[in-house]
Amino acid sequence: MKYKHLFFDLDHTLWDFDTNAKLTLQDLYETLKLEERGVDDFDRFYRQYLLHNTKLWARYRNGFIKQAELRVKRMQLALLDFKIGDEPLAQEMSRRFLEMLPTRNTLFPYATEILEYLASKNYRLHLITNGFEDVQHHKINNSKINHYFDKVVTSEGSNSLKPNKEIFDFALAATGAQKTESIMLGDDLEADIMGAANAGLDQVYINHVNKSPDFKPTYIVYTLQELEAIF
């Protein structure tokens, strides 16, 4: 068995962030009566939220903004797209969103099955995630997959962020794993795959959305079930 330690990403890899975020925002849309406040199209609001969230996470990863700014600004900017400049509302949405989101438990198809399969073959499973410490632990607990992972390494806990080499080095040290026996599995080409490659780790690009990568990973799969052919 070439690999002993499998380091998974969480959001967009195992935990279906987009589906869970949409359900949470739909609840907020109704509870806070956003239509009456001028958000007349939920689907457009959701698309704008995803757009701003992606851009802000890139800025957060690169050290340009702090966690607190990311959390509120994604709501603030999505509201501004509807000409709503209401900072208290953005703050309230951010607070409720972070409370509600981790209670969602939609995983990608075959997520639990593949974790069970890998655990049965005695692989040591871990998480390396750029998500926030409390939020990520709630997600895996509520999704009932926490028991599969020996170690959960977050950006807060490691004081670093993927794709920086430091977070991968931190994860290896925390788990006692050697690079040659470890592999990173994730959906983000820059953060997970290129980051791991730069840290000297093999990688599995979990390409749920069938992108055409401009970087060649060690392995590429399009569904979680395909991991059985590698491991």
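A residue is called buried when its relative accessible area is under 20%, exposed when that area is over 50%, and partly exposed in between, as computed with a 1.4 Å probe on protein chains only. Helices (H or I, at least four residues) and strands (E, at least two) are DSSP runs, numbered from the N terminus. The structure is a predicted model, in which local features need pLDDT of at least 70, side-chain atom pairs count only at pLDDT 80 or more, and totals for chains, interfaces and linings use all residues. Residues are numbered from 1 along each chain as its sequence is written, and side-chain values use heavy atoms, with hydrogens and water left out.

An α-helix has 3.6 residues a turn, so residues three or four places apart point the same way. After helix 9 comes Gly 176, with a positive phi near 70°.

Several of these covering elements are paired strands. Two strands pair if DSSP finds at least two bridges between them. Strand 1 and strand 2 run parallel and are joined by four bridges; His 5 has Arg 124 as its bridge partner in strand 2. Strand 2 (residues 124–129) also runs parallel to strand 3 (residues 149–154), and five bridges join these two. From strand 2 the chain crosses through helix 7 (residues 133–142) to strand 3, in a β-α-β crossover that is right-handed. A crossover has this hand if, with the strands pointing away from the viewer, the path from the first strand over the helix to the second runs clockwise. Strand 2 is mostly covered, with five of its six residues buried.

Asn 130 lies in the loop between strand 2 and helix 7. Asn 130 counts as buried because its relative accessibility is 8%. Beyond residues up to four places away in sequence, Asn 130 touches Trp 57, Tyr 60, Arg 61, Ser 155, Leu 161, Lys 162 and Ile 167.

The peptide bond from Lys 162 to Pro 163 is cis, with omega near 15°, and Pro 163 is placed in the loop between helix 8 and helix 9. Most residues other than glycine have a negative phi, and most peptide bonds are trans. His 12, which is not a glycine, has a positive phi of about 70°. This residue is found in the loop between strand 1 and helix 1, and His 12 is partly exposed because its relative accessible area is 30%. Lys 83, also not a glycine, has a positive phi of about 60° and sits in the loop between helix 4 (67–80) and helix 5 (87–100). Lys 83 counts as exposed because its relative accessibility is 78%.

The division of the chain gives a wider view. Domain 1 comprises 5–16 + 107–229 and domain 2 comprises 17–103, with bounds that come from an automatic or database domain assignment. Their C-alpha centres lie 26 Å apart, and the contact takes 20 residues from domain 1 and 14 residues from domain 2.

Thr 24 is found in helix 1 (residues 17–31). Thr 24 is buried because its relative accessible area is 0%. Leaving aside residues up to four places away in sequence, Thr 24 touches Phe 97, Met 100, Leu 101 and Arg 104. A polar atom of the Thr 24 side chain lies 2.8 Å from the backbone oxygen of Asn 20.

How values were computed: Contact means heavy atoms within 4.5 Å. A polar contact is a pair of N or O atoms within 3.5 Å; within protein, one must be able to donate a hydrogen and the other to accept it, and residues adjacent in sequence count only if both atoms are side-chain atoms.
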